[in-house]
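Here is a note for a colleague who is meeting this structure for the first time. Please keep the sequence and the model open while reading the numbered points.

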Amino acid sequence: MVAIVSTTAYLGLEARGVEVQVQIAPGVPAFNVVGLADKAVAESRERVRAAIAAMGLSLPPKRITVNLSPADLPKEGSHYDLPIALGLLSAMGIVDAELLSEFIVVGELSLDGRIAPSPGVLLAALHASGSDRGLICPASQGPEAAWAGELNIVAAPDLLSLLNHLKGVSQLAPPQAGEAEAPVRSVDLKKVKGQETAKRALEIAAAGGHNLLMVGPPGAGKSLLASCLPGILPPLSSGEALGIM
Ligand SMILES: Nc1ncnc2c1ncn2[C@@H]1O[C@H](COP(=O)(O)OP(=O)(O)OP(=O)(O)O)[C@@H](O)[C@H]1O
Ligand SMILES: [Mg+2]
C-alpha cells in the first residue's frame with residue numbers, strides 16, 4: 001500500500017504542491033528517499049526515525065521507500081520531515097489516510113518528536129487555502145499561517161499531540177493570527193493649517209479608496225498633505241496586507 005501526504009516546495013515566493021508517497025514493502029530493511037531531494041531532505045530519514053522512536057514506535061523491518069513527486073522538481077529544506085513521518089505512520093496504519101488527504105503538511109522534526117519551525121509557512125498556508133485544504137504546521141508558526149485567512153490550521157507542538165488531535169483524543173486549539181508590526185506613525189492631518197478643501201478631498205479619497213492628483217505651486221503643502229494620508233486610511237485587511245507584502 002502507498003500512503004500519500006501533500007506538502008509544498010518553495011520556488012521563490014511561490015509554493016508548488018508536492019506529493020510525499022510512502023511505500024512499505026517486504027524485502028531487505030531499508031529507508032530510502034528519492035525524488036530530487038537535497039541534503040537536508042535526505043537527512044530527514046534520521047530525524048523521522050528518531051522522532052517516531054521517541055513516541056515509543058519503531059519502523060517496521062521492511063523496505064521503506066519515500067518518493068517526492070513531481071520527481072523533477074528540486075526539493076530543498078527541512079519541512080519535509082513531518083509529511084514523511086505522517087506518510088510513514090499512515091502506511092503503518094496509525095494515522096487515517098483519508099483524514100490526511102485534507103491537509104497540506106509542513107514542519108521539521110526534532111529527534112525527540114517536537115515539531116520545529118521552518119521557513120515558508122505563510123506560502124504553504126496560502127497554497128492550502130487556494131486548494132481548499134487545511135494546513136498542519138509547527139505550533140510556533142500557527143499565528144503566521146493564520147494570516148492566510150479562513151482555513152483549518154492544525155498547529156502542533158509535537159508529533160504525539162498531533163496524532164492525538166488527528167485521532168480525536170485531544171484537540172489542539174486553532175491558532176489566532178499574529179499581531180502585525182505597528183505601522184510607522186505618519187504626520188497628523190491636524191498639523192495642516194487651513195487648506196479645508198484639500199483636507200476634505202484627502203478624507204474623501206481615503207474613505208472611498210480614490211486616486212488623488214495634487215497640483216499647486218512649490219511650498220503649497222502637497223508633500224505635507226500626502227504624508228498625512230496614511231494616518232487617515234482605514235486599517236488594512238489581512239488580504240490587503242498580504243497583497244502589498
Ligand atoms: N497648510 C499648511 N500647514 C502647515 N504647514 C504647511 C502648510 N503648507 C505648507 N506647509 C509647510 O511648508 C513646507 C513646504 O510644504 P511642502 O513640502 O508640503 O510643499 P510642496 O507643495 O510639496 O512643494 P513642492 O512643490 O516644492 O514639492 C513644509 O515644511 C510644510 O510643512
Ligand atoms: Mg513636494
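**Notes on the model**

1. Serine 161 lies in helix α7, which covers residues 159–167; helices here are DSSP runs of H or I with at least four residues, strands are E runs of at least two, and both are numbered from the N terminus. With 19 C-beta neighbours inside 10 Å, serine 161 counts as partly exposed, given that a residue is buried if 20 or more other C-beta atoms lie within 10 Å of its own, exposed if 12 or fewer, and partly exposed in between, with C-beta atoms placed from the backbone. Leaving aside residues up to four places away in sequence, serine 161 touches Ala156 and Leu172, where contact is taken to be C-beta atoms, placed from the backbone, within 7 Å. The C-alpha atom of serine 161 is separated by 9.8 Å from that of glycine 113, and the two residues are 48 residues apart along the chain.

2. A word on the basis of these points: this is a predicted model, in which local features need pLDDT of at least 70 and side-chain atom pairs count only at pLDDT 80 or more, while totals for chains, interfaces and linings use all residues. Residues are numbered from 1 along each chain as its sequence is written, and chains are lettered from A and ligands numbered from 1 in the order in which they are written.

3. The protein chain is divided into domain 1 (2–167) and domain 2 (189–243), with bounds that come from an automatic or database domain assignment. Taken over C-alpha atoms, the centres of domain 1 and domain 2 are 47 Å apart.

4. How do α2 and α3 pack? Helix α2 (residues 44–54) packs on α3 at an angle of about 55°, the axes being 9 Å apart; axes are lines fitted to C-alpha atoms, for helices over the stretch in contact, and angles run from 0 to 180 degrees between N-to-C directions. That makes α2 oblique to α3, since angles under 35 degrees count as roughly parallel, over 145 as roughly antiparallel, 65 to 115 as roughly perpendicular and the rest as oblique. From α2, Ser44, Arg47, Val48, Ala51 and Ile52 make the contact, and from α3, Asp81, Ile84, Ala85 and Leu88. These residues divide into six nonpolar, one polar and two charged, where Ala, Val, Leu, Ile, Met, Phe, Trp, Tyr, Cys and Pro count as nonpolar, Asp, Glu, Lys and Arg as charged, and the others, Gly among them, as polar.

5. The axes of helix α8 (residues 196–208) and helix α9 (residues 222–232) come within 10 Å and cross at roughly 40°, which makes α8 oblique to α9. Ala198, Leu202, Glu203 and Ala206 in α8 meet Leu225, Cys228, Leu229 and Ile232 in α9, and the residues of this contact comprise seven nonpolar, no polar and one charged.

6. Some backbone details deserve a look, given that most residues other than glycine have a negative phi, and most peptide bonds are trans. The peptide bond from serine 69 to proline 70 is cis, with omega near 5°, and proline 70 is found in the loop between β4 (63–69) and α3 (81–91). Leucine 36, although not a glycine, has a positive phi of about 50° and sits in the loop between β3 (30–34) and α1 (39–42). Aspartate 132, also not a glycine, has a positive phi of about 55° and lies in the loop between α5 (121–130) and β8 (134–138).

Terms used
Two residues are in contact if their C-beta atoms, placed from the backbone, lie within 7 Å.
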